[in-house]
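Please examine the sequence and the model shown below. The paragraphs that follow lead through its sheet, a helix packed on that sheet, and a few selected side chains.

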Amino acid sequence: MTNPAAGSWTTLIDDILDGNWTSPETGKKAVVPYDRIVIEESLDGRAADLVSELGLGERFTVVADAATYDALGERVARELKTLGPVDVLILDHPHADMANVESLAVKLADADAVVAVGSGTINDLCKFVTGRNERRYCVFGTAGSMNGYTSTTASITLESGLKVSLPSHAPSGFFVDLGVSAAAPTYLSAAGFGDCLCRSVAQIDWWMSHRLLGTAYHQVPFLIQEKDEAALNERAAKLAEHDIEANGYLYRVLTLCGLGISFTGVSNHGSMGEHQISHYIDCFAGERHPGTLHGTQVGVASLTMARLQQAMLASDKPPVVKATKIDPDDMVRRMSPAVAAQCLDELKKKAFDENAATAFNERLQELWPTLRQELKQFMVPVDEMQRLLKSTGGPISAAELGTPPDFYREAVVHCREMRNRFSFLDIAADAGMLEDFARGEA
């Protein structure tokens, strides 16, 4: 099976990697830190050739967990034995936190060539550990569950409990056997689709921040995935049917989103207010956490953000903000002193005092008619977003997510404290609207 448009699954991706694609923003050839990305219906029997082309080393360490080893890791390890000695490291229910980073760093201290098998946690851990001493690595995907495969950041939970995106490096090689990924449990592909669903709400937040605050904005990450996003949405329901073509488009969107970070150096195009809601759940739910995946939470949070944005943009009168209210004691109560201190530093960077609030209101009043029209061009109607997510089998509400209603409301109201990225959550909060809105979300 070859797609899109009777080419290959890496059409455009290959041009970007080979330096044959010119950015319409800068007029310059793209330069990205990857040697090879391969997405095909089957890679059976090809692991040795794919890895050897990268020149990672002569002794291989395959890192997986129990599920990813059964899905693909055992096959990869077996095939790599034709190249040289192979060690297998199966992690026991790992989490992408600093404790696991340090543990894995010790285990990989003498590793020559690191080959990760698995998305999410496995990839983030291997990426971050190898990135610290600039050792190249590669990854075989086992499910299209999130867009972190090709990003140059790693999502890691710090010792304090705060989950952050840390600068790291990209895999030298990223390899996808679509047959393996399509056979994975459908909640994984639904999570990946949920991570893709945020495009419209992230773009609205980012463009709004650019227009009102002068935040740097880049259109290229959206341009390179625009056609594939439409193709994926057309096939969303087929993800629940383990359809290979649908999974192919899912991987293209996830991959192109990751490549966007290489162009811009930031993840804003795929991570704004909706990701802050998900991060708050991961950081502060504790025993209330439903055990859901990052992308699953992002899907539900994207619907929340879409409802907030579309409700605010429906009015021909702009909201009026006041000086940002900050309650350090309440932050400590909810977060712990160490985390609250980190978040307070982030929040203060974007907080309004009275003068800043006045200036912002003047700017908002001036731009509101034009801004509304600009933002509506990026918008996907909430009902359509909900229909698409539901068709994949993913949850579409906090109740279906399994998050306690009071805690989900807390996440919506307070997640903006975690990161210095200005979103409609900040406008709604400073306009005194966010708490009332959150009551209707859970």
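Strand β2 (residues 60-65) runs parallel to strand β4 (residues 113-117), and four bridges join the two. Within this pairing, Thr-61 has Val-114 of β4 as its bridge partner. The model is a predicted one, in which local features need pLDDT of at least 70 and side-chain atom pairs count only at pLDDT 80 or more, while totals for chains, interfaces and linings use all residues. Residues are numbered from 1 along each chain as its sequence is written, and side-chain values use heavy atoms, with hydrogens and water left out. Strands (E, at least two residues) and helices (H or I, at least four residues) are DSSP runs numbered from the N terminus; two strands pair if DSSP finds at least two bridges between them.

Strand β2 also pairs with β3, again in the parallel sense, over six bridges. Here Ala-64 has Ile-90 of β3 as its bridge partner. Between β2 and β3 the chain passes through helix α3 (residues 66-80), and this β-α-β crossover is right-handed; that is, with the strands pointing away from the viewer, the path from the first strand over the helix to the second runs clockwise.

These pairings belong to an open sheet of six strands in the order β1-β8-β5-β4-β2-β3, with parallel pairing. The edges are formed by β1 (36-40) and β3 (86-91); each has a single partner strand, so one side of each is left without a neighbour in the sheet. From one strand to the next, the twist averages 15 degrees. Angles run from 0 to 180 degrees between N-to-C directions, and axes are lines fitted to C-alpha atoms, for helices over the stretch in contact.

Helix α10 (residues 244-264) lies across β1, β5 (137-141) and β8 (173-177), running at about 165 degrees to β1. Contact means heavy atoms within 4.5 Å.

In helix α8 (residues 199-213) one finds Arg-199. Is Arg-199 buried or exposed? Its relative accessibility is 12%, so Arg-199 counts as buried, the cut-offs being under 20% relative accessible area for buried, over 50% for exposed and partly exposed in between (1.4 Å probe, protein chains only). Leaving aside residues up to four places away in sequence, Arg-199 touches Phe-222, Gln-225, Glu-229, Phe-378 and Val-380.

The structure holds zero disulfides, a disulfide being a pair of cysteine sulfur atoms within 2.5 Å. For Cys-138, the nearest cysteine sulfur is that of Cys-126, 9.6 Å away; Cys-138 is buried, with a relative accessible area of 0%. For Cys-415, the nearest is that of Cys-343, 11 Å away, and Cys-415 counts as buried at 0% relative accessibility.
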